[in-house]
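Welcome! Open your viewer, get the selection tool ready, and let us walk through this model together.

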Amino acid sequence: MRIDIWSDVVCPWCYIGKRRLETALGRTGHGDDIEVVYRSFQLDPAAPRVPEQTVAESLGAKYGGGPEAGQQMVERVEAVAAEEGLLFRLGEAKRVNTIDAHRLLHLALAQGGPALQATLKEELLAAYFLRAENVADHDLLRRTAEKAGLDTDRVEQALGSDEYADAVEADIREAAGLGATGVPFFVIDRKYGVSGAQPVEAFVQVLERAWSEAHPPLQHLGPQHVGQQDGEVCGPDGCAI
């Protein structure tokens, strides 16, 4: 079974939703048999590579009320994140562009599959939300990618070009085609779309439903179904001859 997750590395609900999904996967007992692939989505494509505002300042300007109102929004999200064991420093984080981070996530998937991509995804989220680092900065991206296990030369090559930019745009178009209006957006086994950082229990329910549909139990047909008498069998006590 496979889960595709559209998200952005500067989206707080994407990190919270990631943790809740991981908890749900652990509860189902099928986590090791489910492939998770992260897909690109940019919440703010116009954000600068060189930060000019904090998240709080940006929110206050966008929704009104100034930095104080923006900080109140940040603190509400930080409180929810803390319930999932995530100690956000979102109030210190800056509004930045994420295109290069997404390009490296595509490189990680191509180079090492979903496992390597998941490692880089977690490192990028932690860099931004837990340490308030600039995930648009190429030096930070190099260090983070190398820490995750990506090939140094390939990282340098990707950052020095527009490699995988078309893949990022394709992901964004696909999300729109699937009806996603925001992130996180989870597509489970190409059958179920789940929008938002749902509670763990909601994830468990949809995961178990999708798993049971992908792995239906074997139907045992008795003689009445096949038009025959009972067939002879051997069991733990031996064979009746």
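This is a predicted model: local features need pLDDT of at least 70, side-chain atom pairs count only at pLDDT 80 or more; totals for chains, interfaces and linings use all residues.

**Stop 1: helix H1**

Select residues 12-28, which make up helix H1. You now have 17 residues on screen, and from the first C-alpha to the last they reach 25 Å, close to the 24 Å expected at 1.5 Å a residue.

Next, colour the buried residues of H1: Pro 12, Cys 14, Tyr 15, Ile 16, Gly 17, Lys 18, Arg 20, Leu 21, Ala 24, Leu 25 and Thr 28.

Before you leave, click on Gly 29, which follows H1. Its phi is positive, near 80 degrees.

**Stop 2: the aromatic rings**

Ring centres within 6.5 Å make a pair, and the count comes to six aromatic pairs. Start with Tyr 15 and Phe 88: their ring centres are 5.9 Å apart and their planes stand at 20 degrees, so this pair is stacked. Trace the chain from each of the two rings. Tyr 15 belongs to helix H1 while Phe 88 sits in the loop between H3 and H4, so the pair ties together parts that are 73 residues apart in sequence. Are these two residues buried or exposed? Both Tyr 15 and Phe 88 are buried.

Move on to Tyr 128 and Phe 129. Here the ring centres lie 4.9 Å apart with the planes at 85 degrees, so the pair is edge-to-face. Tyr 128 counts as buried at 2% relative accessibility, and Phe 129 is buried too, with a relative accessible area of 0%. Select Tyr 15, Phe 88, Tyr 128 and Phe 129 together to see one aromatic cluster.

**Stop 3: Leu 59**

Finally, pick Leu 59, which you will find in helix H2 (residues 55-63). Leu 59 is partly exposed, with a relative accessible area of 23%. Leaving aside residues up to four places away in sequence, Leu 59 touches Gly 64, Gly 70, Met 73 and Val 74.

How values were computed:
Residues are numbered from 1 along each chain as its sequence is written. Side-chain values use heavy atoms; hydrogens and water are left out. Helices (H or I, at least four residues) and strands (E, at least two) are DSSP runs, numbered from the N terminus. The expected span of a helix is 1.5 Å times one less than its number of residues. Buried means under 20% relative accessible area, exposed over 50%, partly exposed in between (1.4 Å probe, protein chains only). Rings of Phe, Tyr and Trp (its six-membered ring) pair if their centres lie within 6.5 Å; planes under 30 degrees apart count as stacked, over 60 as edge-to-face and the rest as tilted. Contact means heavy atoms within 4.5 Å.
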